[in-house]
Each structure stands twice: as structure tokens, then as C-alpha cells.
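Please look over the chain shown below, with attention to its surface, its charged pairs and its aromatic rings. A short report follows.

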Amino acid sequence: MRLLKNNTARVSLVLFLSTLLTACGFHLRGEYNVPEDIKEISVTSFDPYGKITRLVKEQLRLSKIEIVNPEPDIPNLHITGESISDRTLSLYQNTRAAEKELTYIVNYRVTVPELGSKGFSAQITRSYLDNPLSALAKSEERSLIEDEMRNFSAQQMMRQMARLKTDIEQYETQQKAIESDATASPQS
């Protein structure tokens with residue numbers, strides 16, 4: 001009997017907590033809702049065969065968005081540039097860099113027909129130890145860190161594109177208001 005009460009209490013608690021989380025709009029990480037109005041998009045880039053372009057296209061495919069050729073009536077994601085910079089955080093006694101910080105920035109613009117264009121920037125920062133005695137291993141580590149930063153920035157781009165939903169909804173609300181005003185006013 002006691003086991004039944006504990007299980008009932010646990011189930012009730014789980015149901016209560018899941019209801020609270022659902023009511024507040026909570027989504028698990030990894031759920032990037034690109035606006036439903038965007039079923040297809042064209043991707044243009046300063047480097048069409050670069051790593052960041054491939055990663056962004058992969059993220060779009062994971063979001064079930066078809067990638068098509070650029071046309072005037074299709075939304076476009078244009079990657080305008082990327083940069084990687086580093087700075088020294090700490091030094092060894094012989095004045096060589098001991099710890100470095102890498103900053104990866106990708107700039108892009110999303111253009112939605114009849115809505116306009118909006119520019120974004122995704123920035124990722126990582127630090128790593130730079131041991132001069134293992135230079136080959138450190139160059140490989142840096143390369144892996146840069147690839148990881150590109151991957152995270154592609155995911156960040158999808159999260160930022162989710163903001164477009166509110167812009168599109170505002171535009172559609174304005175269009176409906178304009179149409180209703182046009183039909184409500186008598187034509188002479």
C-alpha cells in the first residue's frame with residue numbers, strides 16, 4: 001500500500017511539473033523553431049564551399065527547410081563574412097603565451113521578401129592552453145576548437161533566425177490591418 005502511495009505521489013509530481021513547464025513555453029535545448037513561414041530558403045555566402053556555409057546548410061536541413069536557388073520571392077540567408085582572432089590571456093616566465101582566447105565571429109543577413117532584411121552576428125569565444133613544447137598537438141587542437149566554434153555558431157544562427165518569427169507575425173498583422181482598412185472604407 002505504501003509503495004502505491006509513493007508511486008502515485010511521484011507520478012502526480014511529474015505531471016504537475018511537466019504541466020508547469022509546458023505552460024511557461026519551455027522547450028528543450030536543441031529546439032530551434034525557424035519560422036514556419038519559411039519552408040524554403042536560399043543560402044548565399046562569401047565562400048560557398050566553406051565550412052561555415054556547409055554547417056549552416058546542414059542546420060537548415062535538420063530544421064526541415066529546403067535549400068533552393070536564389071530567387072526574388074524566396075527568403076535568403078547571406079553569410080557576409082567570418083573572422084577568427086586570438087589574444088593572449090596569460091604568459092609563461094619567458095614571456096611566451098601560456099593561455100590564449102579565440103574569438104570567432106560570423107556576420108550574416110536574412111532577407112525575407114516583402115518584409116525586408118535583417119543583419120545578425122554570431123560570436124563564440126573559447127580559451128585554450130598554448131604549450132610551446134607541443135606545437136604540433138596545439139595546432140591540431142586549435143583547428144579542432146575552430147571547427148567546434150563554427151558548429152556552435154551555425155546552431156546560434158538558427159536560434160537567432162527564430163527571432164524572425166515575431167518580425168514576420170508583426171508584418172502579417174500590419175498587412176491584415178491594411179487590407180481590412182481598404183475593404184472597410186467605401187470606394188467612390
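Does Leu20 count as buried, partly exposed or exposed? Leu20 counts as partly exposed because its relative accessibility is 45%, where buried means under 20% relative accessible area, exposed over 50% and partly exposed in between, with a 1.4 Å probe and protein chains only.

The model is predicted, so that local features need pLDDT of at least 70 and side-chain atom pairs count only at pLDDT 80 or more, while totals for chains, interfaces and linings use all residues. Residues are numbered from 1 along each chain as its sequence is written, and side-chain values use heavy atoms, with hydrogens and water left out.

**Overall fold**

The chain has 4 helices and 5 strands, which are DSSP runs numbered from the N terminus (helices: H or I, at least four residues; strands: E, at least two). Along the sequence these elements follow the pattern α-β-α-β-β-β-β-α-α, and 29% of the 188 residues count as buried.

**Surface patches**

Leu20 belongs to helix α1 (residues 2-23), and together with Leu13, Phe16 and Leu17 it makes a nonpolar surface patch of about 400 Å². Patches are made of residues with over 30% relative accessible area and no salt bridge, like charges being joined within 9 Å and nonpolar side chains (Val, Leu, Ile, Met, Phe, Trp, Tyr) within 5 Å; accessible areas come from the Shrake-Rupley method with a 1.4 Å probe, and for residues only the protein chains shown count as cover.

A patch of negative charge on the surface gathers Glu40, Glu66, Glu71 and Asp73. Glu71 is found in the loop between β2 (66-68) and β3 (76-91), and counts as partly exposed at 45% relative accessibility.

**Salt bridges**

The structure holds 8 salt bridges, each being a side-chain nitrogen of Lys or Arg within 4 Å of a carboxyl oxygen of Asp or Glu. The table lists some of them.

| Pair | N to O distance |
|---|---|
| Glu82 and Arg150 | 3.4 Å |
| Arg126 and Glu148 | 3.3 Å |
| Arg150 and Asp147 | 3.6 Å |

Glu82 forms a salt bridge with Arg150, and this pair links distant parts of the chain, with Glu82 in strand β3 and Arg150 in helix α3 (residues 135-161), 68 residues apart. Arg150 counts as buried at 11% relative accessibility, whereas Glu82 is partly exposed at 28%. Arg150 also meets Asp147 in a salt bridge, and because these two residues are 3 residues apart in helix α3, they are separated by about one helical turn. Salt bridges that share partners join Lys51, Glu82, Asp147 and Arg150 into one network.

Arg126 forms a salt bridge with Glu148; Arg126 lies in strand β5 and Glu148 in helix α3, so the pair ties together parts that are 22 residues apart in sequence.

**Aromatic pair**

The count comes to 1 aromatic pair, by a rule under which rings of Phe, Tyr and Trp (its six-membered ring) pair if their centres lie within 6.5 Å, planes under 30 degrees apart counting as stacked, over 60 as edge-to-face and the rest as tilted. Tyr108 and Phe120 form this stacked pair, at 5.3 Å centre to centre and with 20° between the planes. Tyr108 lies in strand β4 (residues 97-112) and Phe120 in strand β5 (residues 116-129), 12 residues apart, and both are buried.

Note on methods: Lys, Arg positive; Asp, Glu negative; His and termini not counted. Charge placed at Lys NZ, Arg CZ, Asp CG, Glu CD.
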